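Visitor: I would like to learn how to read the features of a structure one at a time, with the general idea before the particular case. Could you take me through one?

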Amino acid sequence: MAEEQGEEFHLHDVLVTFKACLSQDNELRLDEYLRGWKALIKFMNSLGTVFSFVSTDAVNKIGILERLRKQSGPGDPGSMQAMVWAELTAKRVNFKMAPSTDTEASGTRTFLRLHRALLWLRLFLERLQNSAPDGRTSIMCAEAYKESLAQHHPWFIQKVASVAFYTLPSRKVFFEAMHAGTDDEVISLLQEALPALTMVYDVAQKFYEQNDLLDLP
Ligand code: 1Q0
């Protein structure tokens with residue numbers, strides 16, 4: 001379990017948390033997953049207020065899942081898979097309509113939103129890890145977005161996001177904000193973090209795909 005170190009973001013926390021996300025039989029532990037997201041949000045907030053529209057939505061979705069975790073009984077294994085099965089059995093998942101309030105939102109569709117964002121993160125970090133010292137974070141971010149989240153966002157959000165990307169700090173500032181040492185040390189930590197993140201992503205993707213849940217409104 002990653003202990004968050006004060007208010008400061010440490011790339012290492014994210015690595016530890018995502019590594020702890022999967023049990024031996026590939027059950028995805030929701031508490032660890034949400035803890036990983038919270039560390040990422042902390043990082044994003046340290047980059048400035050332009051991204052508050054992104055973090056507000058992500059924080060909201062984390063909150064929905066945390067509330068559901070608290071409501072679950074003592075016998076609940078606390079995995080994403082268990083949550084989805086329970087909701088499907090109770091017919092809590094709406095396949096036709098988006099929820100009009102947070103309390104209506106199923107954990108299944110809420111998790112899917114974070115899961116899609118995890119693909120963005122993975123594609124972005126892959127680019128960052130392979131980037132030259134003068135690489136532009138705004139371009140890396142925009143490309144990763146286009147290949148992932150943008151495909152699920154309406155035109156208006158895509159426009160706002162593309163403007164926000166221009167305000168991203170430089171690669172140098174990014175690396176420093178990760179608090180993981182020299183550039184080489186940041187890169188080797190990213191090299192370690194990416195497979196962990198990818199495994200978590202792949203387990204969820206396969207599960208949602210097998211159960212025909214990838215297009216939930
Ligand atoms: C650091 C740069 C951050 C750039 C983030 C890229 C994503 C931008 C676009 C997001 C716009 C979100 C506005 C709301 C959208 C919702 O409509 C949408 C759908 O929800 P719903 O309920 O209407 O169906 N929500 C989502 O798609 C969820 C989006 C959450 C995005 C969360 C991204 C947070 C990322 C934070 C980590 C940054 C760390 C970077 C490097 C870390 C190094 C380890």
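Visitor: Which residues of helix 2 are buried?

Guide: A residue is called buried if 20 or more other C-beta atoms lie within 10 Å of its own, exposed if 12 or fewer do, and partly exposed in between, with C-beta atoms placed from the backbone. Helices (H or I, at least four residues) and strands (E, at least two) are DSSP runs, numbered from the N terminus. In helix 2, the buried residues are L30, E32, Y33, L34, R35, G36, W37, A39, L40 and F43. Keep in mind that this is a predicted model, in which local features need pLDDT of at least 70 and side-chain atom pairs count only at pLDDT 80 or more, while totals for chains, interfaces and linings use all residues. Residues are numbered from 1 along each chain as its sequence is written.

Visitor: What do the buried residues of helix 2 pack against?

Guide: Packing is read from contacts, and two residues are in contact if their C-beta atoms, placed from the backbone, lie within 7 Å. The buried residues of helix 2 pack against helix 1, helix 3, helix 4, helix 5 and helix 8 (171-177).

Visitor: Which residues other than glycine have a positive phi?

Guide: Most residues other than glycine have a negative phi. Here H179 has a positive phi near 50 degrees, and D212 has one near 60 degrees. H179 sits in the loop between helix 8 and helix 9, and it is partly exposed because 16 other C-beta atoms lie within 10 Å. D212 belongs to the segment after helix 9 and counts as exposed, because it has 9 C-beta neighbours inside 10 Å.

Visitor: Which helices supply the shell around the ligand?

Guide: A residue is near a molecule if its C-beta atom, placed from the backbone, lies within 6 Å of it. By that rule 22 residues surround the ligand, and the closest are L40, D57, A58, A117 and A161. Helix 1 (11-19), helix 2 (30-46), helix 3 (52-71), helix 5 (107-129), helix 6 (137-147) and helix 7 (155-165) each supply at least two residues of this shell, and helix 5 gives the most, with five.

Visitor: How many residues of the shell are nonpolar, polar or charged?

Guide: Ala, Val, Leu, Ile, Met, Phe, Trp, Tyr, Cys and Pro count as nonpolar, Asp, Glu, Lys and Arg as charged, and the others, Gly among them, as polar. The shell around the ligand has 19 nonpolar, no polar and three charged residues.

Visitor: What do the buried residues of helix 5 pack against?

Guide: The buried residues of helix 5, among them H115, A117 and L118, pack against helix 3, helix 4 (80-89), helix 6 and helix 9 (183-210).

Visitor: How many helices and strands does the protein have?

Guide: The protein has nine helices and zero strands, and buried residues make up 28% of its 217 residues.
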